[in-house]
Amino acid sequence: MTDFTIHDVESAPEKSKPLLENSIKGFGMIPGLHGIMAEAPGTLEAYQTLHQLVLDSSFDNEETTVVWQTINVENACHYCVPAHTGIAKMMEVSDDIINALRDETPLPSEKLEALRTFTLAVMHKRGNVGKEDLDAFYGAGYKHRQVLEVILVLSQKVMSNYINHIAETPVDEPFKKFAWEKKK
């Protein structure tokens, strides 16, 4: 067990207090991840900024969920998979998509499967994707913008997945019902 503090507005460093207040406005609570990130105000601010940029990307709710959860599942993030399951439900993403991502089974459309495949290629190849990876992605209807936005989402998820692994962030109460473990 690690000893990271999960800050609230009272205990957080001064520069993190307004950021945590933003978390309360946006989520109705301070997610444990945000409470941990508050220790380093720049980290929390960067994460919140990336989160908003992801929401403002060209991806629709299903596509955003596919990229988020593909990365979360691949990185076996015990915190983010349940949290993004709950978020996907709030975004009205179908259970077929949510379950396929959590269970690593085929997605219900070829386009979404191409998005997952490309996201995994970027991760596994550390960005050194080949022409065949790009051609398959473009063939599914995606463009250069979405290549860059996959990397945007990956940047956000590296922060959250890695911090959750190191800090052993406990899953927030509203998301405990979506507990998840990576299949062996």
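Modeller: Helices α4 and α6 are roughly parallel to each other, a label for angles under 35 degrees, with over 145 called roughly antiparallel, 65 to 115 roughly perpendicular and the rest oblique. The axes of α4 (residues 61-74) and α6 (residues 95-103) cross at roughly 20° and come within 9 Å. Axes are lines fitted to C-alpha atoms, for helices over the stretch in contact, and angles run from 0 to 180 degrees between N-to-C directions. Helices are DSSP runs (H or I, at least four residues), numbered from the N terminus.

This is a predicted model: local features need pLDDT of at least 70, side-chain atom pairs count only at pLDDT 80 or more, and totals for chains, interfaces and linings use all residues. Residues are numbered from 1 along each chain as its sequence is written, and side-chain values use heavy atoms, with hydrogens and water left out.

On the α4 side, the contact (heavy atoms within 4.5 Å) uses Glu62, Thr65, Val66, Gln69, Thr70 and Val73. On the α6 side are Ile97, Leu101 and Arg102. These contact residues are 4 nonpolar, 3 polar and 2 charged. Ala, Val, Leu, Ile, Met, Phe, Trp, Tyr, Cys and Pro count as nonpolar, Asp, Glu, Lys and Arg as charged, and the others, Gly among them, as polar.

Now α7 and α9. α7 (residues 110-124) packs against α9 (residues 144-167) at about 65°, with axes 10 Å apart. This crossing is right-handed too. From α7 come Leu115, Phe118, Thr119, Val122 and Met123; from α9, Val147, Val150, Ile151 and Leu154. That contact has 8 nonpolar residues, 1 polar and no charged.

The whole structure holds 3 aromatic pairs. Rings of Phe, Tyr and Trp (its six-membered ring) pair if their centres lie within 6.5 Å; planes under 30 degrees apart are stacked, over 60 edge-to-face and the rest tilted. Phe118 and Phe137 are stacked, 4.1 Å centre to centre with 15° between the planes. Phe118 sits in α7 and Phe137 in α8 (residues 131-139), 19 residues apart. Ring pairs join Phe59, Phe118, Phe137 and Tyr142 into a cluster.

Key
Helix = DSSP H or I, 4+ residues; strand = E, 2+ residues; numbered from the N terminus. Left-handed = near helix turned anticlockwise from the far one by under 90°.
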